[in-house]
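The entries below follow the order in which I went through the chain.

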Amino acid sequence: MLKILKYYKRLRLFVLSRTNSYKYAKEIGVNLKGKAYFYGISSGCFGSEPWLITLGNNVHITGDCQFLTHDGSTLILRKDIPDLELTAPIEIGNDVFIGFRTIILPGVKIGNRCIIGAGSVVNKSIPDNSVAVGNPCRVVKSIDDYLEKIKPLSLGIGHLKGDKKAMELKKIFNVKHI
């Protein structure tokens, strides 16, 4: 009976991760300090110690991101040092975007108003107002510099939602089918 209950709890959490990611994160113990937005996260993205992860307000986490709060490589060294453990919290500030397939390692703090580029491996803390990318992740410019660069490229439709935005994009890019 206990096995069945555990199975249904895991199944429920899996479904919740797909249908209401915010509620899922809250239920497994992620410290949510404000509104967080999740785009295609998986049920295991917060690792085995989700209660060591803090997300600020207006945090956007895209698909296939991983938050690793411990270093599992210590497992092979425990025959030498049985109590060896490397675990540390992860803190994400306010107004942060984390790009697709980013990995955030133990002990990392990402400051306020940051963009982390897709595919980055964040192994060190990132200061406020930074755009950081790569493996290993490094700061490449300030948010202010990034904004100045992208303003002239804007399509001017960021305020639109759903079907209205799709219709405008189809017009802009001359898409006649679909």
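**Entry 1: the whole chain**

I began with contacts, and I noted that among those in the protein chain with a separation of 6 or more, 23% are between residues 24 or more positions apart. I must keep in mind that this is a predicted model. I then looked up the secondary structure, and the protein chain has four helices and 13 strands. For the extent of the chain, I wrote down that its C-alpha trace spans about 60 × 45 × 30 Å along the principal axes. I also looked up burial, and I found that 31% of the 178 residues of the protein chain count as buried. The accessible surface of the protein chain comes to about 11,300 Å², and carbon and sulfur atoms hold 59% of that surface.

**Entry 2: aromatic rings**

How many aromatic pairs does the structure hold? I noted two. For phenylalanine 38 and phenylalanine 46, I read that the ring centres are 6.1 Å apart and the planes stand at 90°, so this pair is edge-to-face, an angle over 60 degrees being what that word requires. I wrote both values down because a pair of aromatic rings is described by the distance of the centres and the angle of the planes. Are phenylalanine 38 and phenylalanine 46 buried or exposed? I found that phenylalanine 38 is buried, and that phenylalanine 46 is buried as well. I also recorded that Phe38 and Phe46 belong with Phe67 to one aromatic cluster.

**Entry 3: a lysine and two tyrosines**

Next I turned to lysine 35, whose charged end sits over the ring of tyrosine 22, at 4.3 Å from the ring centre. I looked up a second ring for lysine 35, and I found that this residue also lies over the face of tyrosine 37, 5.5 Å from the centre of that ring.

**Entry 4: a nonpolar patch**

Which residues make the nonpolar surface patch of about 400 Å²? I listed Leu155, Leu169, Ile172, Phe173 and Val175. I followed one of them, isoleucine 172, and I found this residue in helix α4, which covers residues 162-172.

**Entry 5: backbone details in loops**

I looked up the peptide bond from asparagine 135 to proline 136, and I noted that this bond is cis, with omega near 0°. Proline 136 has its place in the loop between β12 (130-133) and β13 (138-142).

I then looked up phi for aspartate 95, which is near 60°, a positive value in a residue other than glycine. Aspartate 95 lies in the loop between β6 (90-92) and β7 (96-98), and at 40% relative accessibility this residue counts as partly exposed.

Asparagine 129 is not a glycine either, and I noted for this residue a positive phi of about 60°. I located asparagine 129 in the loop between β11 (121-122) and β12, and its relative accessible area of 23% makes this residue partly exposed.

How values were computed. Residues are numbered from 1 along each chain as its sequence is written. This is a predicted model: local features need pLDDT of at least 70, side-chain atom pairs count only at pLDDT 80 or more; totals for chains, interfaces and linings use all residues. Side-chain values use heavy atoms; hydrogens and water are left out. Rings of Phe, Tyr and Trp (its six-membered ring) pair if their centres lie within 6.5 Å; planes under 30 degrees apart count as stacked, over 60 as edge-to-face and the rest as tilted. Buried means under 20% relative accessible area, exposed over 50%, partly exposed in between (1.4 Å probe, protein chains only). A charge sits over a ring if NZ of Lys or CZ of Arg is within 6 Å of the ring centre and within 35 degrees of the ring normal. Patches are made of residues with over 30% relative accessible area and no salt bridge: like charges are joined within 9 Å, nonpolar side chains (Val, Leu, Ile, Met, Phe, Trp, Tyr) within 5 Å. Accessible areas come from the Shrake-Rupley method with a 1.4 Å probe; for residues, only the protein chains shown count as cover. A salt bridge is a side-chain nitrogen of Lys or Arg within 4 Å of a carboxyl oxygen of Asp or Glu. Helices (H or I, at least four residues) and strands (E, at least two) are DSSP runs, numbered from the N terminus. Contact means heavy atoms within 4.5 Å.
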